[in-house]
Amino acid sequence: MFNLSITQVISALLALLHLTNALHFYVKTGETKCFFEELQEDTLVVGKIDAYEKQDHGNEYFKSPNLKVQITVEETFDNNHKVADQKSAPDGDFTFTSLDSGEHKFCLTPVYSDNTHGKVHRIFFDVAQGSANEYVDSKSTKLVDDLTLRVNKLYDQLDKIHWEQENMREREAHFRDQSESTNSRVVKWSIVQLVVLVGTCVYQLRHLKSFFVKQKIV
C-alpha cells in the first residue's frame, strides 16, 4: 500500500531537495556523456531525464518510444564503483543514496531497444539532492498522516452507512406496519361489502317473491 513511484518520490522531495545541476546537451546514439558531482555521505539524489530524437530531414526534435537512456553513476574515489546502473525511458527518473562522500560520475548514453543507430539526440538532465534521513522521516510522517486520514475517512463512511441502515430498517418497519394495517382494512371492508351484497340479494329476492305472489304470477 505504501509503494511509491519515482514520480511520486520526486513530488514528495520538492520541499527537501535543492537543485544542484540542470542542463541539456546534444549527443549521438551510443555516445556517452559524463558529468561530475561532489556528494556527501547519505545524500539522496534524484535525477530527471528528458530525451529527444532529431528528425532525419529537419531540425525538429521528438519523443521516440524506442529510445532509452542508459544511466550509470560511479564513485570516482573508489575505483569507479557503480552505485547506479539502469535504463530509463526518454522521460524517466532515477534515484539513489550516496554511500560515501566524494566525487561521483554521472554518465548518460542514448540507445534504442530496436538497435537503431546514427541518430542525434537532445537530452535534458536535472539532478537534485537532499538529506536521505530527512526524507525518511518526512516520508514516514507523511505516510502515518495519510493513513490516519484514510482511517478517519473510513470511520466516517462506516458511521454514515450504519446511519443509513438504521433509517432503512425504520422505514421498512413503518412501511410494513402500514402495509399490514392497509391489508387488514381491505379485508374487513371486503367482508363488509360481501355481507351488504348478500343482504341486498336476500332482500331483493324476498321482495321479488312477494311481488310475484301479489301479482298471482307464482
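Start by selecting β2 and β8: the two strands run antiparallel and are joined by 7 bridges. Strands here are DSSP runs of type E with at least two residues, helices are H or I runs of at least four, and both are numbered from the N terminus. Two strands count as paired if DSSP finds at least two bridges between them. Zoom in on Lys33, and you'll find it standing opposite Leu108 in β8.

A quick note before moving on. This is a predicted model, where local features need pLDDT of at least 70 and side-chain atom pairs count only at pLDDT 80 or more, while totals for chains, interfaces and linings use all residues. Residues are numbered from 1 along each chain as its sequence is written, and side-chain values use heavy atoms, leaving out hydrogens and water.

**The open sheet**

You're looking at an open sheet of 4 strands in the order β2-β8-β5-β6, with antiparallel pairing. Its edge strands are β2 and β6, each of which pairs on one side only. Next, color β5 and β6 (residues 81-88): they pair in the antiparallel sense over 7 bridges. Glu74 stands opposite Lys82 in β6.

**Zoom out**

Show the whole protein as a cartoon. How many helices and strands does the secondary structure come to? There are 2 helices and 9 strands, following the pattern α-β-β-β-β-β-β-β-β-β-α along the sequence. Of the 218 residues, 27% count as buried, where buried means under 20% relative accessible area, exposed means over 50% and partly exposed is in between (1.4 Å probe, protein chains only).

**The core**

Select Ile49, Phe94, Phe96, Phe106, Leu108 and Phe125 next. Inside the largest nonpolar core, which has 20 residues, these have the most contacts. Among the strands that each supply at least two residues of this core are β1 (18-28), β3 (43-54) and β9 (120-131). The largest share, 4 residues, comes from β5. A nonpolar core is a set of buried Ala, Val, Leu, Ile, Met, Phe, Trp, Tyr and Cys residues joined through side-chain atoms within 4.5 Å. In soluble globular proteins, nonpolar side chains tend to be buried together.

**Salt bridges**

The whole structure has 7 salt bridges, each a side-chain nitrogen of Lys or Arg within 4 Å of a carboxyl oxygen of Asp or Glu.

- Lys48 and Asp93 meet at 3.7 Å, N to O. Lys48 lies in β3 and Asp93 in β7, so the pair ties together parts 45 residues apart in sequence. Lys48 is partly exposed at 32% relative accessibility, whereas Asp93 is buried at 14%.
- Asp56 and Lys119 have their closest N and O atoms 2.9 Å apart. Asp56 is exposed, at 56%, but Lys119 is buried, at 14%.
- Lys105 and Glu74 meet at 3.6 Å, N to O. Lys105 and Glu74 are both buried.

**Last stop: Lys28**

Select Lys28 in strand β1. Is Lys28 buried or partly exposed? At 48% relative accessibility, Lys28 counts as partly exposed. Leaving aside residues up to four places away in sequence, Lys28 touches Pro110, Lys119, Val120 and His121; touching, or contact, means heavy atoms within 4.5 Å. The C-alpha atoms of Lys28 and Pro110 are separated by 7.3 Å, although these residues are 82 apart along the chain.
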